[in-house]
Structures are given as C-alpha cells and as structure tokens.
Amino acid sequence: MSTNEAVRNYLQRAFSMNPVWQAANLIDLRSRAVRSQRLDAQQADVDLERVARLRQRARKQISQIQTEFWKQPLDQLLKQVDSVGVDQLPELLPTLNRLRNAARCRADFPKMAQAPWMDMQLFNAFKEAVVLPPSEAGQVKERFLSRIRSRAKLKRIQKAAAMMATEFPVLYAMEQDWFTTLKKTKLRQSSDEYSGSTFESSFDWAELSWPTWIVIMIVIRALLRLLAQSGQ
C-alpha cells in the first residue's frame with residue numbers, strides 16, 4: 001500500500017468516527033498510524049510495575065512482622081505495622097488489620113493463657129491464627145477442630161470460648177465466626193468410651209421395615225444351613 005493510500009485510508013476512518021463518543025478509538029487509530037504506543041498505556045505499564053514492587057515490599061514487611069510478632073518490643077512492633085503501605089494493595093489490608101489489632105492487644109495474651117478456664121490447645125491455635133492471613137488462619141482453625149476427640153474436651157473448649165467473649169471481647173471479636181462454630185460443634189460419641197470414630201453412626205436398626213426384617217431372617221437361616229452342612 002502506497003503512502004498516499006495509507007494516509008487516505010487513515011483520514012477516511014478518522015473522519016467517520018465521532019470524537020465525542022469514540023475519542024479512545026481515534027487515539028488508538030492515530031497511535032497505530034504513527035507506530036507509537038499511547039502515553040496512557042505506557043503510564044499503565046509503569047503503574048503496574050510500581051504496584052508490583054510495592055506489593056513485594058509490603059509482603060516482605062508483613063512476613064517479617066509475623067516472624068517477630070511475639071519477640072519484638074511492642075512499641076517497635078506497632079511502628080513496623082504502621083509503616084507497611086497498603087493504600088494501593090487492598091488484598092493485603094485484612095492481614096495487616098489483623099496484625100494491628102493483635103499487636104494492640106498483645107499484652108492480653110499472657111493474661112488469657114494464665115486464666116484457669118483457658119484450654120491451652122485452643123489458646124495456641126488462636127495465637128497462631130491471629131497473626132496469619134485469613135486463608136492460612138482458616139487451615140489452622142480447621143486442623144484444631146479436627147483434633148477434638150471427646151465430649152469433655154469439647155465442653156472445656158466451649159466454656160473457654162464463652163469466657164473469652166466476656167473477659168477478652170476484643171480478642172474474641174477477631175475470630176468470632178470461629179468461636180460461634182465451636183459453640184455449635186457436637187460430638188455424638190466420646191472417644192473415651194469407644195476406640196473408633198468420634199462420630200456416632202446415624203444408622204438405626206429400629207427404622208427397618210418388616211419386609212426388610214423378613215429378608216434378613218431368610219438370609220441368616222440360609223447361612224446357618226450352609227454352616228451346618230459344611231460341618232457334617
């Protein structure tokens with residue numbers, strides 16, 4: 001295609017567009033014609049790179065805070081938490097808020113651990129969960145729930161959760177959904193009484209119909225006859 005023909009095609013397409021409604025299309029057309037990337041596209045690339053660097057830095061800071069959370073002096077810990085910039089990183093904001101809330105209440109953790117009603121396995125799971133991102137904290141809580149094996153243990157855990165709501169309401173609020181789940185959890189049989197599963201079988205012999213009982217009796221009689229014959 002000659003230069004004149006290319007110019008003519010460009011002008012025809014450009015003049016056919018309404019600049020009020022198709023301004024972006026006009027800019028794209030011009031950018032392709034002069035073989036130049038749009039300035040706003042270049043800026044978008046720059047912004048994405050900058051945000052990626054910010055995200056990498058913020059994640060590194062958060063990871064360091066999580067590692068040093070229980071060892072760092074409280075004033076320095078709070079400064080570290082406040083220094084993490086997540087204004088343009090909304091996906092990291094829940095994790096940072098959890099860390100900030102836990103840091104502000106860190107002095108309450110030793111008091112809660114020493115309370116006579118506290119279950120230490122619950123305390124350790126809670127202590128681990130509150131400094132993790134919500135997704136990782138969920139794994140810790142699910143693992144804790146799966147390890148409850150007896151009614152007595154569950155009762156102690158539920159009592160501890162109820163006492164937390166009264167004595168340490170701010171900490172309780174951080175995992176309120178989890179504690180609500182704990183309150184509703186039920187074990188149908190105690191592992192102290194049985195060596196098998198902690199959940200009772202839902203099968204009830206009393207629910208069998210009379211035709212089913214007749215079939216069962218026929219099968220039992222047939223088996224007894226086979227055993228008698230094999231013994232002769």
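This report describes the nonpolar core, the salt bridges and a surface patch of a predicted model.

## Nonpolar core

The largest nonpolar core holds 47 residues, of which Met112, Met118, Leu122, Phe126, Trp178, Phe179 and Leu182 touch the most other members. Because domain 2 (47-92) and domain 3 (105-186) both contribute residues, this core lies between them.

Leaving aside residues up to four places away in sequence, Trp178 is in contact with Leu122, Ala125, Phe126, Lys141, Phe144 and Leu145.

## Salt bridges

Seven salt bridges are found in the whole structure. In one of them, Arg100 pairs with Asp82, with the closest N and O atoms 3.3 Å apart. Arg100 lies in helix α5 (residues 93-104) and Asp82 in helix α4 (residues 74-83), so the pair ties together parts 18 residues apart in sequence. Arg100 is buried, at 15% relative accessibility.

Arg98 forms a salt bridge with Glu175, the closest N and O atoms being 2.8 Å apart. Since Arg98 belongs to helix α5 and Glu175 to the loop between α10 (169-174) and α11 (176-184), this pair ties together parts 77 residues apart in sequence. Arg98 is buried at 12% relative accessible area, and Glu175 is buried at 4%. A network of salt bridges links Arg98, Lys141 and Glu175.

Arg156 and Asp119 also meet in a salt bridge (3.6 Å, N to O). Arg156 is in helix α9 (residues 151-167) and Asp119 in the loop between α6 (108-114) and α7 (120-129), 37 residues apart. Arg156 is partly exposed at 37%, whereas Asp119 is buried at 2%.

## Surface patch

Met217, Ile220, Leu224 and Leu227 make a nonpolar surface patch of about 390 Å². Ile220 is located in helix α12 (residues 210-231) and is partly exposed, at 39% relative accessibility.

Note on methods:
Residues numbered from 1 in each chain as written. Predicted model: local features only at pLDDT ≥ 70, side-chain atom pairs only at ≥ 80, totals over all residues. Heavy atoms only, no water. Core = buried A, V, L, I, M, F, W, Y, C linked by side-chain atoms within 4.5 Å. Buried < 20%, exposed > 50% of the residue type's maximum accessible area, 1.4 Å probe, protein only. Domains from an automatic or database assignment. Contact = heavy atoms within 4.5 Å. Patch = residues over 30% accessible without salt bridge, like charges linked within 9 Å, V, L, I, M, F, W, Y side chains within 5 Å. Areas by Shrake-Rupley, 256 points an atom, 1.4 Å probe, with all protein chains shown as cover. Salt bridge = Lys/Arg side-chain N within 4 Å of Asp/Glu carboxyl O. Helix = DSSP H or I, 4+ residues; strand = E, 2+ residues; numbered from the N terminus.
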